[in-house]
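Dear colleague,

Please find below the structure that I am handing over to you. My notes on its side-chain contacts and on one of its helices follow.

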Amino acid sequence: MKKRKALGYVLTGGILAATFGYGSASVFAEPVTTPNGPWVQDEQNLSLAGLMSNEQLEEKLKQIEKSSQGKMKLEQIGTSNDGYPLYVAKLGDNAPNKKRVLVYTQIHGNETLGTEAAVDLMQKLSAGGKEAKNILDNVTVWFVPRINPDGTANQYNGKQYPTRYSHQTWDPAALGLPEGTKAPWYYNAVGSERAQNNNGAVVYGIPGFDLNRDFNPNYDFNVKEEIKKNPEKVAAVLNDSKTNNGAQAALVFSPETRALTKVVKEFKPDVAIDLHHRGFNQLSEEDKRSVSIQLLALFTTKPFTDPFSGKVYKVNPEVETLSKKVNAVAYESLQRGNSSFGAIQKYPQVNYPGSGLGAIQLNGTATMLIEIKGQTQTLGQKQNGMLIETAKVPVMAVLNGLADGSIEKADPAVYDAIPDFSHPVNPGGNQGY
């Protein structure tokens, strides 16, 4: 159950460029027919009733565990900054001869549909049947749904307003760092989120971190211990833009990222799959289909040198190849005719050793990013069901491919040939992973 915690936050009413609140009016410059909507429109009441709250998710996970007759085991792995429990759901016996797959979702609180898809997959795998049995006979699958429950439950003007960021205040003195030590580059000091039409921003007033930038390839890194040993060195890393930026690893300040790191260290997955959302795009200038999913296999393009230990981390060529095979299988599973279901792109290449998949891949795990179109602030509920089903397809394709061994025969060149990102279309923008 959620630990009760008084939140002494003052929510401001300032919205730049657009007035937003669930059920309130907003203005879009782009027509709903470009490309193939629908997205949230003028005067539309945006309902979150179809999406699980933190309490409903907890109840659902416990219900699946109970009805699984031992196939799924639910464990609490930590607690969010606001006191919500964080869970891992384990399916399969994790025998040494089996492949291991980690699926995690909603590290950004306003990227909701991956969690809904993951829960459906847990139900499918725990219910039995020929496909589920074949997978679990050969693959162990762990799910970490909703890593950012604080952002999910965020409130604005008395209504739920899910946000990308966590809830956590940067206080260097409380950490034992010198006063004035700069916050990590991914800290949102004012507590803000894009407005419904993505041309403005709502200020909800609760600071926090982009959790998907708060990882370190050194799974044993403990910033508190480093501060005890040498607070000036830690402060120097944070105060220098050369070591405090997106191309560097982070120092793991958040309880949520520590919890996920602990799971990865214990499980040692062969493949890790991370589900996100990312705005609206059309497939190409000529093909105006709305892109339902973007995929990405690689999360670092350069070796990373740890400023504390001096250790150099880089992606193993075999891991890069398997990552491409995994994404190739996912891509081919989604090619279903001339529809948005098959309109799949490659996510823009990044170099993020401090992201979840970046840190995981640098430790020898193949990776797949799934970016579902839209976000809570921009999607109408009419699309939710289709997008949830779309997101489930590539995950199941990878699980089946690992179970029967066919993934080893996949052609990495299929991944390389996936159409590159192009043509963002408002509303929705490009902020994602």
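In this predicted model, Arg213 is placed over the face of Tyr352, 4.4 Å from the ring centre. Lys346 likewise lies over the face of Tyr415, at 4.9 Å from the ring centre.

The structure also contains nine aromatic pairs. Among them is that of Trp142 and Phe267, whose ring centres are 4.0 Å apart; the planes meet at 10°, under the 30 degrees required, so the pair counts as stacked. Since Trp142 belongs to strand 5 (residues 139-144) and Phe267 to helix 8 (residues 255-267), this pair ties together parts that are 125 residues apart in sequence. Both Trp142 and Phe267 are buried.

Tyr186 and Phe209 form a tilted pair, with 5.6 Å from centre to centre and 50° between the planes. Tyr186 lies in the loop between helix 5 (172-175) and strand 8 (187-188), and Phe209 in strand 11 (residues 208-209), so the pair links parts that are 23 residues apart in sequence. Tyr186 is buried, at a relative accessible area of 5%, and Phe209 is buried as well, at 1%. Tyr186 and Phe209 belong to one aromatic cluster together with Trp170, Trp185, Tyr187 and Phe253.

Finally, I turn to helix 11. Its 21 residues (384-404) should span 30 Å at 1.5 Å a residue, and the end C-alpha atoms are 31 Å apart, which agrees. Helix 11 is mostly covered, with 16 of its 21 residues buried. Gly405 follows helix 11 and has a positive phi, near 85°.

With kind regards

Terms used. Residues are numbered from 1 along each chain as its sequence is written. This is a predicted model: local features need pLDDT of at least 70, side-chain atom pairs count only at pLDDT 80 or more; totals for chains, interfaces and linings use all residues. Side-chain values use heavy atoms; hydrogens and water are left out. Helices (H or I, at least four residues) and strands (E, at least two) are DSSP runs, numbered from the N terminus. The expected span of a helix is 1.5 Å times one less than its number of residues. Buried means under 20% relative accessible area, exposed over 50%, partly exposed in between (1.4 Å probe, protein chains only). Rings of Phe, Tyr and Trp (its six-membered ring) pair if their centres lie within 6.5 Å; planes under 30 degrees apart count as stacked, over 60 as edge-to-face and the rest as tilted. A charge sits over a ring if NZ of Lys or CZ of Arg is within 6 Å of the ring centre and within 35 degrees of the ring normal.
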